[in-house]
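My plan is to go through it slowly and jot down what I look up.

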Amino acid sequence: MASLPFHKLTLRAFAHQTEFLTVVREAVLFLASPHAALSENLKETTTEGYHGNRITVLELEVSRQCKIRDFFQRVIEANGPERMLLELDERMDDDCQLHMRFDKDRVVMGMKMAEKGDPEGMNMAYRLSRGENVIKAVLKVRAYPARKSAAVETLKTLIKDIGGS
């Protein structure tokens with residue numbers, strides 16, 4: 001494939017005062033690219049919750065096409081091309097952004113399993129979630145014309161190519 005249909009990938013997570021910031025940070029970086037150091041691109045902002053609790057917002061933007069493709073390929077492998085194709089329309093917004101959520105606890109568990117050489121760890125980390133305690137990923141899709149329908153069709157083709165469907 002000559003040109004990949006991505007502008008950027010943005011990952012965002014909230015680390016609450018009751019969580020270990022270093023663990024959430026490692027999970028975000030692992031999800032972005034398990035085998036590369038992207039920590040220099042990670043931005044952290046500290047804010048205060050309604051009840052005065054400290055919340056750290058972690059945001060990582062990835063623009064390297066090879067990293068985004070690797071990420072998207074791992075998501076497809078973990079969830080199956082069938083599920084991705086089925087949910088594509090509901091996950092895509094009118095700004096050609098694909099929204100995905102990954103359970104923070106599952107990402108951490110999958111990361112630890114992968115570190116120990118267990119191949120199931122990657123699949124666990126990249127399974128989509130609908131929960132609230134998540135790392136949110138937004139994949140900005142390049143589509144012409146820049147409409148939801150064009151972005152969905154572009155990704156359908158890519159999912160079929162990657163997933164072998």
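**Entry 1: ground rules.** I count two strands as paired if DSSP finds at least two bridges between them. My helices (H or I, at least four residues) and strands (E, at least two) are DSSP runs, numbered from the N terminus. This is a predicted model, where local features need pLDDT of at least 70 and side-chain atom pairs count only at pLDDT 80 or more, while totals for chains, interfaces and linings use all residues. Residues are numbered from 1 along each chain as its sequence is written, and side-chain values use heavy atoms, with hydrogens and water left out.

Entry 2: I looked up the strand order and found an open sheet of five strands, 2-3-1-5-4, with antiparallel pairing. Strand 2 (42–48) and strand 4 (97–103) stand at the edges with a single partner strand each, so one side of each has no neighbour in the sheet. On average, neighbouring strands are turned by 20° against each other, direction ignored. For angles in these notes, axes are lines fitted to C-alpha atoms, for helices over the stretch in contact, and angles run from 0 to 180 degrees between N-to-C directions.

**Entry 3: walking along the pairs.** I started with strand 2 and strand 3, which pair in the antiparallel sense over seven bridges. Leu42 has Leu60 in strand 3 as its bridge partner. The hairpin of these two strands has five residues between them, and there Gly52 takes a positive phi near 85°. Next, strand 3 (residues 54–62) is joined to strand 1 by eight bridges, again antiparallel. Leu98 has Leu139 in strand 5 as its bridge partner.

**Entry 4: a threonine in the sheet.** Is Thr10 buried or exposed? I noted that Thr10 is found in strand 1 and stands opposite Glu61 in strand 3. Thr10 counts as buried, because its relative accessibility is 12%; buried means under 20% relative accessible area, exposed over 50%, and partly exposed in between (1.4 Å probe, protein chains only). Beyond its neighbours within four places in sequence, Thr10 is in contact (heavy atoms within 4.5 Å) with Glu59, Leu60, Glu61, Lys136, Ala137 and Val138.

**Entry 5: two helices crossing.** I then turned to helix 1 (residues 21–32) and helix 4 (residues 104–115), which pack at an angle of about 75° with their axes 9 Å apart. They are therefore roughly perpendicular to each other; angles under 35 degrees count as roughly parallel, over 145 as roughly antiparallel, 65 to 115 as roughly perpendicular and the rest as oblique. From helix 1, Val23, Val24, Glu26, Ala27, Phe30 and Leu31 meet Lys104, Val107, Val108, Met111, Lys112 and Ala114 of helix 4. These residues divide into nine nonpolar, no polar and three charged.

**Entry 6: cysteines.** How many disulfides does the structure hold? I found zero, taking a disulfide as a pair of cysteine sulfur atoms within 2.5 Å. Cys66 is partly exposed at 37% relative accessible area, whereas Cys96 counts as buried at 3%.

Entry 7: Most residues other than glycine have a negative phi, and most peptide bonds are trans. Cys96, not a glycine, has a positive phi of about 60°, and it lies in the loop between helix 3 (81–91) and strand 4. The peptide bond from Tyr144 to Pro145 is cis, with omega near -5°. Pro145 sits in the loop between strand 5 and helix 6 (148–163).

Entry 8: My last stop was Thr154 in helix 6, which counts as partly exposed at 26% relative accessibility. Thr154 and Pro5 are 149 residues apart in sequence, yet 7.2 Å apart in space, C-alpha to C-alpha. Leaving out residues up to four places away in sequence, Thr154 touches Pro5, Arg142 and Ala143.

Technical notes:
Ala, Val, Leu, Ile, Met, Phe, Trp, Tyr, Cys and Pro count as nonpolar, Asp, Glu, Lys and Arg as charged, and the others, Gly among them, as polar.
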